[in-house]
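Trainee: Please take a close look at one part of this model for me. I would like the site where the ligands sit.

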Amino acid sequence: MIRVSGPDAIAIVAPLLRSAIPLAAFPSHTLRRVAIVDAKSGERVDDALCAVMQAPRSYTGEDVVELSCHGSPSLLRLVTQWIVSGGARLAQPGEFTRRAFCNGRIDLAQAEAVALMIGARTERAVALAARALAGGLSERVRVLRDQLIEVIAGLEVVLDFPDERVACDIDAARDAIERLRTDVDRWRASARQGRVVHDGITVALVGPPNAGKSSLLNALLGRDRAIVSPVPGTTRDVVDGTIALAGVPVRLLDTAGLDVPRDALEAEGIRRSHQAIDESDLLLVVLDGSIPPDRRVLAETTGRARLVVRAKSDLASHAENAALPESVAVSALSGHGLDTLLECLTRETEQRAGAAGDEGGVVASLRQLELMDALSQTLHSGAAALAELPLEAALVDLKLALDQVGAILGVDVSDAVLDRIFSAFCLGK
Ligand SMILES: Nc1nc2c(ncn2[C@@H]2O[C@H](COP(=O)(O)OP(=O)(O)OP(=O)(O)O)[C@@H](O)[C@H]2O)c(=O)[nH]1
Ligand SMILES: [Mg+2]
């Protein structure tokens with residue numbers, strides 16, 4: 001689909017189309033069949049569907065023409081070139097959404113939700129982004145903003161007309177601010193979980209060589225992703241694959257066995273294993289259950305979030321394994337214990353992301369999360385200032401809080417901030 005937006009959109013696209021009525025006379029928001037022609041030779045290049053959305057009722061708030069062509073990249077490039085030579089220019093990443101924001105069609109929280117929707121990798125992440133796109137977060141923030149303004153206005157009155165009721169007004173204001181802070185803290189917790197749903201978690205399979213890590217990765221993925229062999233030290237590079245648990249993308253990393261390296265190649269593999277361990281939210285410590293447990297790997301991973309797996313459970317378990325910390329017995333060969341392991345992994349995922357189907361969930365951009373953290377802090381010091389300092393000091397905090405709330409919605413944000421937000425979008429959005 002080719003989207004053209006701006007006051008000249010219709011005039012620029014019109015010469016490329018042949019249709020029953022001229023483009024300028026198209027009824028708005030109606031899909032019509034058109035022929036796309038080379039304006040110079042008159043040669044027809046495609047049969048397409050065209051919609052005109054007249055300002056201000058369009059995505060960007062400007063006149064928009066959308067052409068749904070056949071999907072050949074060469075065809076799309078050709079038609080785009082004609083449109084550009086007719087006076088348009090290529091859109092920058094996220095520019096349509098940026099215009100939508102600048103023209104007041106959506107607020108900044110919704111604009112950022114567009115990026116979240118594009119990046120959503122599971123149905124659950126899509127549902128969260130859809131709620132943000134529909135204004136879920138914005139709505140709550142706007143209500144909070146109104147309440148904050150009310151508190152500030154009340155305190156300004158106290159400042160201007162001090163009388164005997166001051167003490168009671170200030171107590172009520174402090175309660176109101178504490179309530180707002182509780183709300184913000186609840187959203188922060190919920191948005192952090194939403195972030196996990198969106199970003200997913202990373203789980204590294206680590207252990208001594210030959211323990212069955214790669215076999216377990218393949219069994220969890222349900223396909224032959226990694227090479228398996230009886231030769232210790234088979235895996236060198238980190239191999240990854242993603243599954244969805246509780247609606248959350250879970251990225252599994254298979255790593256080189258941790259041992260004293262025999263050569264430079266193995267040393268590099270082990271260095272990468274440690275890097276994967278550092279980057280992971282959870283470790284699956286895979287030990288071969290048919291031999292004595294590798295104490296070194298166990299010691300190395302204590303203190304990290306981990307699940308200990310006794311692999312090769314189809315073989316007789318070695319007596320020393322009875323003394324292992326809590327662990328799951330699994331056979332990649334027979335499939336025994338895989339369900340239990342997946343249940344444990346799902347529980348771990350839900351601990352970080354909340355349970356699937358949590359309808360109160362919100363997802364926020366990292367920028368919004370940072371602002372919410374700062375806001376909580378500012379409200380806290382505002383309430384504390386009200387208890388002991390002159391009213392003016394508390395008002396400084398509360399007005400800063402108001403700026404922070406505004407920044408979430410995009411009130412008075414600088415061009416530099418907008419540049420940073422929209423440069424992360426892909427072209428055409
Ligand atoms: N009996 C049995 N053998 C297994 C099982 N899982 C893996 N093996 C065997 O154990 C050997 C090593 O398996 P891998 O999956 O390559 O082990 P790894 O931990 O990835 O090994 P490195 O990459 O060398 O560190 C292979 O011969 C596998 O066939 C299992 O569940 N049962
Ligand atoms: Mg391996």
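Mentor: Around ligand 1 there are 22 residues, and the closest include Lys213, Ser214, Ser215, Gly233 and Asp314. A residue counts as near when one of its heavy atoms lies within 4 Å. This is a predicted model, where local features need pLDDT of at least 70, side-chain atom pairs count only at pLDDT 80 or more, and totals for chains, interfaces and linings use all residues. Residues are numbered from 1 along each chain as its sequence is written, chains are lettered from A and ligands numbered from 1 in the order written, and side-chain values use heavy atoms, without hydrogens or water.

By class, the shell holds 9 nonpolar, 10 polar and 3 charged residues. Gly is counted as polar here.

Now the polar contacts, pairs of N or O atoms within 3.5 Å. The side chain of Ser215 places an N or O atom 2.5 Å from an oxygen atom of ligand 1. Backbone N or O atoms also reach ligand oxygen atoms: Asn210 at 3.0 Å and Leu333 at 3.2 Å. Taken alone, ligand 1 exposes 650 Å², and the protein buries 88% of that. These areas use the Shrake-Rupley method with a 1.4 Å probe.

Next, the magnesium ion, ligand 2. Its protein donors are Ser214 (OG) and Thr235 (OG1), lying 2.0 Å from it. Donors are N, O and S atoms within 2.8 Å of the metal (3.2 Å for Na, K and Ca); water is not among the atoms, so the site may look incomplete. Ser214 sits in helix α8 (residues 213–221), and Thr235 in the loop between α8 and β7 (239–245), 21 residues apart. Helices (H or I, at least four residues) and strands (E, at least two) are DSSP runs, numbered from the N terminus.

Ser214 counts as buried because its relative accessibility is 8%. Thr235, at 13%, is buried too. Buried means under 20% relative accessible area, with a 1.4 Å probe and protein chains only.

Key
Polar contact = N/O pair within 3.5 Å; in protein donor to acceptor, adjacent residues only side chain to side chain. Buried < 20%, exposed > 50% of the residue type's maximum accessible area, 1.4 Å probe, protein only.
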